[in-house]
Amino acid sequence: MIIEMLLFILSIFGGCAVFGSPTDVSSVNDDWVLHIAGIFPIGGKGGWQGGQACEPAAMLALEDVNKRPDLLPGFTLRLHWNDSECEPGLGASVMYNLLYNKPQKLMLLAGCSTVCTTVAEAAKMWNLVVLCYGASSPALSDRNRFPTLFRTHPSATVHNPTRIKLMEKYGWSRVAILQQAEEVFISVVSVHSLEDASCKGTHLLDCFAQPCHGVVIFADDLQGSIDQPRPLKRG
């Protein structure tokens with residue numbers, strides 16, 4: 001799916017220059033190369049290291065497109081990338097280095113929700129298209145906040161109806177959530193997300209709407225947060 005989305009976006013921004021371009025991609029000069037910036041979470045100790053698989057897949061996809069004379073005829077795709085380690089600060093630094101160093105990049109590929117949130121919020125200042133291949137944060141669906149972002153990964157809220165049905169099946173009236181203090185996780189169990197799961201007005205929604213009673217929020221030390229005594233909601 002990522003390659004179809006990539007070709008669709010490139011056809012919008014690059015299609016006007018296709019006519020009269022050379023057809024032998026092996027002999028094209030840099031004027032006929034479409035440069036793409038990429039941010040892949042590969043190293044690091046925490047977060048999502050999905051870039052270890054996604055970066056080779058992206059390179060194979062670009063290689064396949066470059067071999068096809070019927071796709072973007074006359075153009076060659078070239079990917080320039082670096083590792084974000086799924087850290088938003090490092091991801092922002094990688095993005096700036098890719099954008100401010102030649103050649104000029106047409107669009108940006110990114111993965112890991114926390115990194116995509118950071119770079120996509122900044123990318124709109126350059127009117128730069130960001131294509132996220134692995135980012136499930138529900139917050140990324142906000143078009144006002146991320147007007148130039150597209151993604152091939154669904155929002156994590158797609159699992160909420162299943163979660164609610166599971167609770168209803170077993171008659172659970174009160175649940176507890178272990179939640180890391182990051183937007184990607186907080187937005188999954190927000191009141192709006194649960195309303196979308198068609199459980200508005202239920203006791204489950206009332207429980208989720210009271211984070212001090214039903215949710216344990218932690219930054220890095222999960223065990224320390226669990227060990228702290230917390231009052232439970234009665235009734």
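Q: A residue counts as buried under 20% relative accessible area, as exposed over 50%, and as partly exposed in between. Into which of these classes does R68 fall?
A: The model is a predicted one. The relative accessible area of R68 is 41%. Because this value lies between the cut-offs of 20% and 50%, R68 is classed as partly exposed.

Q: With which residue does R68 form a salt bridge?
A: Side chains of opposite charge can pair when their charged atoms come close. For R68, the closest N and O atoms of the pair are 2.8 Å apart. A salt bridge requires a side-chain nitrogen of Lys or Arg within 4 Å of a carboxyl oxygen of Asp or Glu, and the partner of R68 is D70.

Q: How many helices and how many strands does the protein have, and what percentage of its residues is buried?
A: The protein contains ten helices and seven strands. It has 235 residues, and the share that counts as buried is 42%.

Q: Which element gives the most residues to the largest nonpolar core?
A: This core has 22 residues, and those with the most contacts inside it are I39, L108, A110, V119 and C132. At least two residues each come from β1, α3, β3, α4 and β4. With six residues, the element that gives the most is α4.

Q: Is A122 buried or exposed?
A: A122 is located in helix α4. Beyond its neighbours within four places in sequence, A122 is in contact with M95 and Y96. Its relative accessible area is 15%. Because this is under the 20% cut-off, A122 is classed as buried.

Q: How far apart are the closest N and O atoms of R145 and E121?
A: R145 lies in the loop between β4 and β5, whereas E121 lies in helix α4, so the pair ties together parts that are 24 residues apart in sequence. R145 is partly exposed at 22% relative accessible area, and E121 is partly exposed at 32%. Their salt bridge brings the closest N and O atoms to a distance of 3.0 Å.

Q: Which helix holds both E63 and K67?
A: The side chains of E63 and K67 meet in a salt bridge, with 3.1 Å from N to O. E63 is partly exposed at 38% relative accessible area, while K67 counts as exposed at 61%. The two residues are four positions apart, about one turn of the helix that holds them, and that helix is α2.

Q: Within what arc do the buried residues of α5 fall, seen down the axis of the helix?
A: In α5, which spans residues 160-169, N160, I164 and M167 are buried. On the other side of this helix, T162, K165 and K169 are exposed. The buried residues line one face of α5, because the arc within which they fall is 60°.

Q: In which loop does E85 lie?
A: E85 is a residue other than glycine with a positive phi, near 55°. Its relative accessible area is 32%, which means that it counts as partly exposed. The loop that holds E85 is the one between β2 and α3.

Q: What value is omega near for the peptide bond from K102 to P103?
A: P103 is placed in the loop between α3 and β3. The peptide bond that leads from K102 to P103 is cis, and its omega is near 0°.

How values were computed:
Residues are numbered from 1 along each chain as its sequence is written. This is a predicted model: local features need pLDDT of at least 70, side-chain atom pairs count only at pLDDT 80 or more; totals for chains, interfaces and linings use all residues. Side-chain values use heavy atoms; hydrogens and water are left out. Buried means under 20% relative accessible area, exposed over 50%, partly exposed in between (1.4 Å probe, protein chains only). Contact means heavy atoms within 4.5 Å. A nonpolar core is a set of buried Ala, Val, Leu, Ile, Met, Phe, Trp, Tyr and Cys residues joined through side-chain atoms within 4.5 Å. The arc is that of the directions from the helix axis to the C-beta atoms.
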